[in-house]
Amino acid sequence: MPASHVSGLATPARSLAIVAALAVAALAALGLALAVGTVAIDGADIVRALAGGTSETAATIVRELRLPRALAAFAVGGLLALAGALMQVLLRNPLADPYVLGISGGAAVGALGAMLAGAAGLVTLAALGGALASTLLVFGLARAGADRAPWTTTRLLLTGVVVASGWGALIALMLTLAPDAQVKGMLFWLIGDLGGTTRAAPAMITLVVALCASLAFARDLNVLSRGEHVAAALGVAVPFTTFVLCALAALATAAAVTTAGSVGFVGLVVPHALRLVIGNDQRVLLPASVFAGGTLLVLADTLARSIAAPVQLPVGVVTAFIGVPVFLALLARGRT
Amino acid sequence: MTNAVPRLSCRGLRLAVAGRELVASLDLDVRAGECWAVVGPNGAGKTTLVTALAGLASPAAGEITYDGTPLARLDPRERAVKRGFLPQDSVDFFPATVLETALVGRHPHLARWQWESAADVACARAALAAFGLGGLDARDARTLSGGERRRLALAALVAQDPALLLLDEPSSHLDLGQQIAALDVVTALAETDGKAIVMVLHDLHLALRYADHAIALGRGRARAGAAADVLTAASLSDLFGHRLIAVGEGAASTLVPA
């Protein structure tokens, strides 16, 4: 039977229960991420380390290595799932993901350009610049033309796809020109990797801001999911709402790729899988996507750095290995 | 009644699509309790007219007012509280239950952070029941038949509870019995609740049966007035380019091609 969205109407109580359950799962995943690694650390030590005070090796590992990385993984997963959920409704297409507007391509060109120029310290900044430039380019071009027509999702999508192809060509060119020694680092960035992450705060703050802002439009999104004409007839300011939500999705995606590179799969699959299970009310789906996406990436990153230790895998490979079978199983069970 | 401010008015309304003029200039007053039919051949501009009257597309010229207030002074949500619009077709992009779909009609009545109350759910359930969809609350709307989905769209419109209802072919996809059942419910809203109704109807029998006023579109002009004056065999024959003759009596009267 297709899932429980058929059985229950989204109410504040039911929504809170779903989000709370996913938040508990996220906390458990974060705890696991702090415990697992080359040095296994037990629960009591983790609590002691987080409480501060001691300066033993275990506490340093937890506080300075594992915690920032785990929080960054959570933020990136949450941002990508949020952006994916928004884009799927805005484009009314369950196949949309955060990268359809070409943002990851712009970020990649920036990041790879910095690597190629030998400016390793500027990779994050260059990625952010690339993501923002790509966003401005897509939004500007989508509205260019004789009549300065308002943004429509179709034009944004088409512009995004074409701009992304342009970035793709530039990326291929840079990979071709790069010295062999740099290619591996570039590939890790392109697949998505949290190995170099030291700060979680920027992504975490963006996540909180983007989630709260998009929740203010959650019921508008519910109406928009039925089509722009229906939404307009029911009092949604369609061009304004579309613009704000596309911009929020772009911001979330830019923050995610700047932190971890283009981690694939989370943004496409997490919202879609959740929709099969809990229904399409955005007031539940958006926060649920954030917690589920964050949990998935925390688990994936923990696996990525421990399964073949001391070799660290790029987390993007692991998200695909976990996500593909889970998603196919859901699809086969649910027929939606 | 005639002294009251009309629910819907337009003055000098000009409609054009892709440079082709559909209506040169239309003046219209739709008052509470009135039921208007929009009739005319294919491509005459019926959908363009109701879309413009709903404020969802800009007319080439002219002014539209709801309860005396120009549309330009109403934001999208204020418009949605005053008027409801039933499009010709609806598409389901994502799964949703029947009850969720009907509840969407309550959207303009809720504040940004507000959830649907028990009263909103009761309103949606009553609308579903009125269109024979009671008990289907939890069904995935995409598993309904074409006629059931049409009635679901009508239920969402009635749950929206606007003072002015604009409907584009409400009877499409419905069998004969369902056409009568559905339009009985819709037009009763004009009689009992003082709603104003404007609906595009292809079937002249339904127009004659339900409308007290009519707008006949075609050949670049619009004729608006009492149904008895507008929906005549003589004037519509010219419009449809085929001679029509009146047959039947009372509720069963209609115009058929000769």
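## A strand pair in chain B

R14(B) stands opposite A61(B) in β4(B). The model is predicted. The two strands here are β1 (residues 8–17) and β4 (residues 61–66) of chain B. They pair in the antiparallel sense, over 5 bridges.

β4(B) also pairs with strand β5 (residues 69–70) of chain B. This pairing is antiparallel too, with 2 bridges. T65(B) has P70(B) in β5(B) as its bridge partner. Together, β4(B) and β5(B) form a hairpin with 2 residues between them. In the turn sits D67(B), with a positive phi of about 50 degrees.

## The open sheet of chain B

Chain B also has an open sheet of 6 strands. Their order is β6-β7-β8-β3-β9-β10, and the pairing is mixed. Which strands stand at the edges? They are β6 (83–86) and β10 (221–226) of chain B. Each has a single partner strand, so one side of each is left without a neighbour in the sheet. On average, neighbouring strands are turned by 15 degrees against each other, direction ignored.

Now look inside the sheet. Strands β7 (residues 164–168) and β8 (residues 196–200) of chain B run parallel, joined by 5 bridges. L166(B) of this region stands opposite V198(B) in β8(B). Helix α1 (residues 46–53) of chain B packs on the sheet. This helix touches β3 (35–39), β7, β8 and β9 (213–218) of chain B. Its direction makes about 150 degrees with that of β8(B).

## Two helices in chain A

Turn to chain A. Helix α1 (residues 12–35) packs against helix α13 (residues 282–306) of chain A at an angle of about 15 degrees. Their axes are 9 Å apart. Angles under 35 degrees count as roughly parallel, and α1(A) and α13(A) are therefore roughly parallel to each other. The crossing of α1(A) past α13(A) is left-handed.

Which residues make the contact? From α1(A) come residues including I18(A), L22(A), A26(A) and L30(A). From α13(A) come residues including V284(A), F291(A), V298(A) and L299(A). By class, this contact has 17 nonpolar, 4 polar and 1 charged residues.

## Where the chains meet

How many residues does each chain bring to the contact between A and B? Chain A gives 25 residues, and chain B gives 25 residues. On the side of chain A that touches chain B, α9 (218–224) and α10 (228–233) each supply at least two residues. α10(A) gives the most, with 4 residues. By class, this side of chain A has 12 nonpolar, 9 polar and 4 charged residues.

Terms used:
Residues numbered from 1 in each chain as written. Chains lettered and ligands numbered in written order. Predicted model: local features only at pLDDT ≥ 70, side-chain atom pairs only at ≥ 80, totals over all residues. Axes fitted to C-alpha atoms, helices over the stretch in contact; angles between N-to-C directions. Parallel < 35°, antiparallel > 145°, perpendicular 65-115°, else oblique. Left-handed = near helix turned anticlockwise from the far one by under 90°. Contact = placed C-beta atoms within 7 Å. Nonpolar A, V, L, I, M, F, W, Y, C, P; charged D, E, K, R; others polar. Pairing = 2+ DSSP bridges.
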